[in-house]
Amino acid sequence: TMLPLLLLLLPAAHAIVELQYKPVLTQTPPLEGLITASTFVLDQPRCVFGGYENADIWLVVALDKAASTFNNTAGPGTPETAFQRFPDPVPAYMTLNATLANYPCPKPAGDITVLRVGSETSCAQDEARPTCNGPLPGPGPYRVKFLALEGSEPVAETAWSEPIMLRTAKSPSSISTADRGHSAGMIAITTILSILFAILLAGLVAMLVFWGSDSCGGSSTFSKPESVTVRRYNTHHVYDQPAARL
């Protein structure tokens, strides 16, 4: 009678501890590029895995529809969880492994406490690095969770995050007509201002030409100066005196 009871208790002894923590996109300001077309930024799981000093903490990234069927016993670095095979045929991969020492609690002042998922481009096609933190291949949605392994044994995990959608580029057909109308109005205003400026410039040039021709015509007209007659006067008292008297 004791053997069946021990067999029932054995799986419970190896049950994974479900932690009351859900990964979230970081709210740390002022962070640029919280979500891009191939990356997103999470808060680190600080003060979450206390008591698991000997565990490696992995980030599991899964398609939203595949999160509920992820196999926690799938080892990291295997074909079953390789980034290079994500999202088809592998619907979830494991990356960004760390120890509890990498997530100290409480957070020391000045520490960077975020994780950018999808930031490594050099290993995206390198099958020798199946745990690559490579760029995400599409807009998603994705879900993530943290999983603690002691050796190959899963011992604790967080809840799955809420679905995460990445940014997508707008197609030309999705651009609203209001934006096009606004642009046409700006073009019309610019055209009118250009015409008015041209008219003003032409008027200024014509005025300068008129003033220039008027000043040149005035300088080309000469009046003949009146002749100046200089009368010659004789000093009579000098000639009236006889030479003998000198």
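The model is predicted. A search of the whole structure turns up two disulfides.

Start with cysteine 47. Its disulfide partner is cysteine 105, and the S to S distance is 1.7 Å. That value falls within 2.5 Å, so the pair counts as a disulfide.

The torsion about the S-S bond of cysteine 47 and cysteine 105 is about 100°, so the disulfide is right-handed. Cysteine 47 has a relative accessible area of 49%. Buried needs a value under 20% and exposed a value over 50%, so cysteine 47 is partly exposed.

Now turn to the other pair. Cysteine 123 and cysteine 132 form a disulfide, with their sulfur atoms 1.9 Å apart. The angle about the S-S bond is 75°, and the link of cysteine 123 and cysteine 132 is right-handed. Are these cysteines buried or exposed? Cysteine 123 has a relative accessible area of 1%, so it is buried. Cysteine 132 stands at 0% relative accessibility and therefore counts as buried.

Last, the pairing pattern. Number the bonded cysteines of the chain in sequence order, and the pairing reads 1-2, 3-4.

Key:
Residues are numbered from 1 along each chain as its sequence is written. This is a predicted model: local features need pLDDT of at least 70, side-chain atom pairs count only at pLDDT 80 or more; totals for chains, interfaces and linings use all residues. Side-chain values use heavy atoms; hydrogens and water are left out. Buried means under 20% relative accessible area, exposed over 50%, partly exposed in between (1.4 Å probe, protein chains only).
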